[in-house]
Amino acid sequence: MKNLVAFPILLLVLVLQSAVASRLTLLSGFADLLLLFLAGLSLHKNAHMAWHWGIIGGLGMGFISGAPLWSILAGYLGVVGLARLVQRRVWESPLLAMFLVTFAGTLLVHGSTFIGLWLSGTAMPVEATFSLVTLPSLFINMILAVPAYTLVRDLANWLFYVERMI
Amino acid sequence: MREPPSNSLQTTILVLVITGILALALGGYFGPISNVAGGALVSAQAWFSTRFVAVQEFLTVPRDVASLRQENAQLRAEISGLQTQIIELQQQVAETQSLAALVAFSRANPESTYKAATVIGRDPSPFLQYIIIDVGANDGIRRGMPVVTNQGLVGRVDAVIGSAARVQLITDPASAVNVRLQNAETDAMLLGSVSGDVSLDMISQDVTVQPGDVVVTSGLGGGYPADLLVGQVLNVRKREADLFQQATLQPVVDFNRLNIVLVIVNFRPVDISPLIPSLTP
């Protein structure tokens, strides 16, 4: 039942992304709040339901954005998968894992979106796109990775708390 | 033993001594002595007075500081309240000015019917240049309708839901608008880019394009109405080896400060795709 809270929380994240984060640009890039949220959430050791959050968030983002839905969904599910993978490997240093997932996840989401737009007929120069959009976005996401992880960790602890019988 | 003098004798002696002292004082015989004694007395009083005032200030100043701090906090709260009011009023003034400009624009262009909309968001993907407005299908908005401000062309409606719509800006990398250079009297293609800059392409090599030339929509293709102001030519790139000239454009609309826009609701875009011959046999 706790997972029902995904809808209002992800809705809030999407609204903040569209209304606030998208306007605070560095060159042509800006922060990806959904990516940071999903990365922080999925790094919790019991976050088996993170895939559901990824699907809901990806669908919501795809609904708002003009980019192809499948490319956005694939990008955010990739972030969740990456976070789950990293969580098993470097679970002893969560901040390092958050940085790793944020870095690789940003490249993954941008790569996925770029391919989706390219396949739908939108021609964009790779070099300019990388320097004007991806690098600034990466920079902002890395800066926000630690505060985002701190905020999301408490929520994840509440959501994915598991009682154990002794 | 000698008997002590009687009270009346003592009183008489005392009166005589005082009278004598007063007589000597009135006669000016005590001047130097009284000067020295008075000076010492004044000095002593000044010393005590200074110390007393210092002690009094020491005891009373903390109370004043506390009251001053309270008053300062009240004034600060009042200032912040007034500043908030100023900001709200400035926003109202700016909004009123924008609306007044939009009303003036709609009056100056009575051939179109407009629906005003507030920009409530931007596309969450940094690759795309879209805005989200707060009017949708319930307000008569349909896909393909042009969006303008009092300054010029903004874009066109790309997707619509009941109470909101997504608008593709002319700066979007997937945007292509048929335009006309007024001075050169030639057509061109306006293209967006991932950085939000716009450029002109497909300009014939035969025409002369100058920086500052005004660019308006041509209406070709049926996607936009004709004669909507787009911007001015910034610089031209003409190379003999190329088929067409290219130019960069300065849009008249500041796309970073879009707050209120107008949707032209009586324009129906024409879909000419069935008329375009297919490449496959």
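This briefing walks through the helix packing, the nonpolar core and the chain contacts of the structure above. The model is predicted, so local features need pLDDT of at least 70 and side-chain atom pairs count only at pLDDT 80 or more, while totals for chains, interfaces and linings use all residues. Residues are numbered from 1 along each chain as its sequence is written, and chains are lettered from A and ligands numbered from 1 in the order in which they are written.

**Helix packing in chain A**

- Helix α4 (residues 69-89) and helix α5 (residues 94-119) of chain A have axes that come within 8 Å and cross at roughly 160° (axes are lines fitted to C-alpha atoms, for helices over the stretch in contact, with angles from 0 to 180 degrees between N-to-C directions; helices are DSSP runs of H or I with at least four residues, strands runs of E with at least two, numbered from the N terminus).
- That angle makes α4(A) roughly antiparallel to α5(A), a label for angles over 145 degrees.
- Residues of α4(A) that meet α5(A) include A:Trp70, A:Tyr76 and A:Val79, and those on the α5(A) side include A:Leu100, A:Leu108 and A:Ile115.
- By class, this contact of α4(A) with α5(A) has 15 nonpolar, eight polar and no charged residues (Ala, Val, Leu, Ile, Met, Phe, Trp, Tyr, Cys and Pro count as nonpolar, Asp, Glu, Lys and Arg as charged, and the others, Gly among them, as polar).
- The axes of α5(A) and α6(A) come within 9 Å and cross at roughly 150°, and the two helices are therefore roughly antiparallel to each other.
- Among the residues that meet here are A:Phe99, A:Phe103 and A:His110 in α5(A), and A:Val133, A:Asn141 and A:Tyr149 in α6(A).
- The contact of α5(A) with α6(A) has 12 nonpolar, seven polar and no charged residues.

**The largest nonpolar core**

- Of the 88 residues in this core, A:Leu38, A:Val79, B:Leu190 and B:Val263 touch the most other members (a nonpolar core is a set of buried Ala, Val, Leu, Ile, Met, Phe, Trp, Tyr and Cys residues joined through C-beta atoms within 7 Å; buried means 20 or more other C-beta atoms within 10 Å of the residue's own, with C-beta atoms placed from the backbone).
- Helix α6 (residues 126-159) of chain A gives the largest share of this core, nine residues.
- Leaving aside neighbours within four places in sequence, B:Val263 is in contact with residues including B:Tyr114, B:Ile141 and B:Val157 (contact means C-beta atoms, placed from the backbone, within 7 Å).

**Where chain B touches chain A**

- 19 residues of chain B are in contact with 23 residues of chain A.
- β1 (114-122), β2 (130-133) and β5 (165-169) of chain B are the elements that give two or more residues to chain B's side.
- β1(B) gives the most, with three residues.
- Chain B's side divides into 10 nonpolar, five polar and four charged residues.

Technical notes
Buried ≥ 20, exposed ≤ 12 C-beta atoms within 10 Å, placed from the backbone. Contact = placed C-beta atoms within 7 Å. Parallel < 35°, antiparallel > 145°, perpendicular 65-115°, else oblique.
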